[in-house]
Amino acid sequence: MTQDEIIAEFRAAEALLDGHFILSSGLHSPRYLQCARVLMDGARAERLARALAARLPADIRDAVDAVVAPAMGGVIIGHEMGRALGKPAMFVERPDGVFHLRRGFALTPGAKVLMVEDVVTTGLSSREAIAAIEAAGGTVIGAASLVDRSNGKVELCVPYTPLIRLDVPTYAANDLPAELAAIPATKPGSRAAA
């Protein structure tokens with residue numbers, strides 16, 4: 001898929017939003033990609049996951065034993081990536097504020113894992129998920145996401161493949177441009193600000 005085709009998928013799902021948003025990282029932004037909306041259509045989710053799987057370096061794609069995603073936002077794309085790769089898909093969640101595998105999910109010691117997210121901005125959730133996977137005995141050999149909105153700044157310490165990179169400005173709460181500060185903020189993400 002081309003970048004224009006990917007953006008068209010988000011627009012068709014009414015998932016590319018303009019306004020004033022507080023991201024799960026705590027940063028503010030004038031644009032937001034609501035991946036839950038783009039993934040609510042199973043056929044669209046499958047197309048996007050297959051396109052993302054095709055972008056993975058072949059050595060990573062061929063070595064993956066399992067896909068693990070952080071809940072909440074990564075659950076659907078993680079499942080679809082597992083399906084696209086023909087591998088089991090699991091998720092980590094934060095019942096006590098720290099990611100853990102639960103619900104009977106387990107990794108074989110040394111299992112080669114692809115960590116999959118919906119959107120990466122600061123990489124905090126991704127790094128926390130990677131730590132949880134490693135604590136559970138897995139070896140994270142790569143990370144992937146539908147959207148990289150870090151402006152190319154994220155460092156995950158493993159090879160990282162996004163489906164699309166969107167350079168959207170983000171601002172600290174105390175450093176908002178006047179036009180953004182004039183709009184009421186909404187918080188569409190799934191995690192409290194860090």
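A residue is called buried when its relative accessible area is under 20%, exposed when that area is over 50%, and partly exposed in between, using a 1.4 Å probe and protein chains only. The model is predicted: local features need pLDDT of at least 70, side-chain atom pairs count only at pLDDT 80 or more, and totals for chains, interfaces and linings use all residues. Residues are numbered from 1 along each chain as its sequence is written, and side-chain values use heavy atoms, with hydrogens and water left out.

Helices (H or I, at least four residues) and strands (E, at least two) are DSSP runs, numbered from the N terminus. In the loop between helix H1 (3–12) and strand S1 (16–22) lies Glu14. Its relative accessibility is 55%, so Glu14 counts as exposed. The phi of Glu14 is near 55 degrees, a positive value in a residue other than glycine.

Cys157 also has a positive phi, about 65 degrees, and is not a glycine either. This residue belongs to the loop between strand S7 (139–148) and strand S8 (160–165). Cys157 counts as exposed because its relative accessible area is 67%.

A further backbone feature concerns a peptide bond. The bond from Ala71 to Met72 is cis, with omega near 20 degrees. Met72 sits in the loop between strand S3 (66–70) and H5. Most residues other than glycine have a negative phi, and most peptide bonds are trans.

Helix H5 spans residues 75–85 and contains Glu80. Is Glu80 buried or exposed? With a relative accessibility of 8%, Glu80 counts as buried. Leaving aside residues up to four places away in sequence, Glu80 touches Ala45, Glu46 and Ala49, where contact means heavy atoms within 4.5 Å. The side chain of Glu80 also makes a polar contact with the side chain of Arg83, at 2.8 Å. A polar contact is a pair of N or O atoms within 3.5 Å; within protein, one must be able to donate a hydrogen and the other to accept it, and residues adjacent in sequence count only if both atoms are side-chain atoms.
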